[in-house]
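Me: Walk me through this model, please. I want to know what each label rests on.

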Amino acid sequence: MDSSWLTIENGILKKCSKDASGEIIIPDGVTEISRDAFANCKGLLSVIIPDSVDTICAWSYMNCIALNNIKIPNSVVYIGSMAFYNCTELQQVVIPNSVKEMGVHVFGRCDNLKSIIYKGTTFTDIDEAVAAINANGKK
């Protein structure tokens with residue numbers, strides 16, 4: 001899918017049309033995916049995030065109930081709270097070692113999430129890490 005569904009200002013992806021469906025390819029040069037950018041995009045299946053992105057803000061993909069494929073690039077250093085909340089079709093996520101900070105319940109209510117692979121070693125407190133990647137309130 002082309003990027004005509006996207007609103008981008010000064011390198012910040014502000015919004016994606018709620019009518020978008022299938023796969024979205026975010027263009028190179030985007031550095032941040034803002035709050036609610038993809039929230040409630042019910043037909044979104046997959047997102048290709050370029051290596052230029054370093055920030056995924058809170059609630060960015062909240063309620064993307066069909067989203068089943070997301071690859072977080074090694075450039076991302078921050079993932080905000082509830083960024084993927086209620087993405088019920090996600091089954092596996094790999095968090096690269098570039099991620100230094102995550103908000104709470106990043107993957108909360110991701111009912112089909114079976115595997116979270118965290119490649120980094122930046123969390124100093126196991127409870128902080130569990131809270132950040134907590135799926136469905138289970139530890």
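**What the labels rest on**

Reply: In the protein chain, 27% of the contacts with a separation of 6 or more are between residues 24 or more positions apart. Contact means heavy atoms within 4.5 Å. This is a predicted model: local features need pLDDT of at least 70, side-chain atom pairs count only at pLDDT 80 or more, and totals for chains, interfaces and linings use all residues. Residues are numbered from 1 along each chain as its sequence is written, and side-chain values use heavy atoms, with hydrogens and water left out.

Me: What is the mean pLDDT of the protein chain?

Reply: The mean is 87, and 85% of the residues reach 70 or more. pLDDT is the predictor's confidence in each residue, from 0 to 100. Residues 135–139 have a pLDDT below 50. That stretch has 10 contacts in the model beyond near neighbours in sequence.

Me: How many helices and strands does the protein chain have?

Reply: There are 1 helix and 11 strands. The order from the N terminus is β-β-β-β-β-β-β-β-β-β-β-α. Helices (H or I, at least four residues) and strands (E, at least two) are DSSP runs, numbered from the N terminus.

Me: Why is Phe38 called buried?

Reply: Phe38 has 0% relative accessibility, so it counts as buried. The cut-offs are under 20% relative accessible area for buried, over 50% for exposed, and partly exposed in between (1.4 Å probe, protein chains only). Tyr61 is at 0% too, therefore also buried. Of the 139 residues of the protein chain, 44% count as buried.

Me: What is the phi of Asp36?

Reply: Asp36 has a positive phi of about 65 degrees, although it is not a glycine. Asp36 sits in the loop between strand 4 and strand 5. Its relative accessibility is 38%, so Asp36 counts as partly exposed.

Me: Which residues touch the most other members of the largest nonpolar core?

Reply: Ile26, Phe38, Ile56, Tyr61 and Phe84 do, in a core of 35 residues. A nonpolar core is a set of buried Ala, Val, Leu, Ile, Met, Phe, Trp, Tyr and Cys residues joined through side-chain atoms within 4.5 Å. Strand 2 (12–16), strand 5 (43–48) and strand 9 (92–95) each give two or more residues to this core. Not counting residues up to four places away in sequence, Phe38 touches residues including Leu6, Leu13, Ile26, Leu44 and Tyr61.

Me: Why is the pair of Phe38 and Tyr61 called stacked?

Reply: The ring centres are 4.8 Å apart and the planes are at 10 degrees, so the pair is stacked. Rings of Phe, Tyr and Trp (its six-membered ring) pair if their centres lie within 6.5 Å; planes under 30 degrees apart count as stacked, over 60 as edge-to-face and the rest as tilted. Phe38 lies in the loop between strand 4 (32–33) and strand 5, and Tyr61 in the loop between strand 6 (55–56) and strand 7 (69–71), so the pair ties together parts that are 23 residues apart in sequence. Tyr61 and Phe84 are stacked as well, at 5.0 Å centre to centre and 5 degrees between the planes. Phe38, Tyr61, Phe84 and Phe107 form one aromatic cluster.

Me: Why do strand 3 and strand 7 stand at the edges?

Reply: The open sheet has 3 strands in the order 3-5-7, with parallel pairing. Strand 3 (21–25) and strand 7 each have a single partner strand, so one side of each is left without a neighbour in the sheet. Two strands pair if DSSP finds at least two bridges between them. Strand 3 and strand 5 have 5 bridges. Ser21 has Gly43 in strand 5 as its bridge partner.
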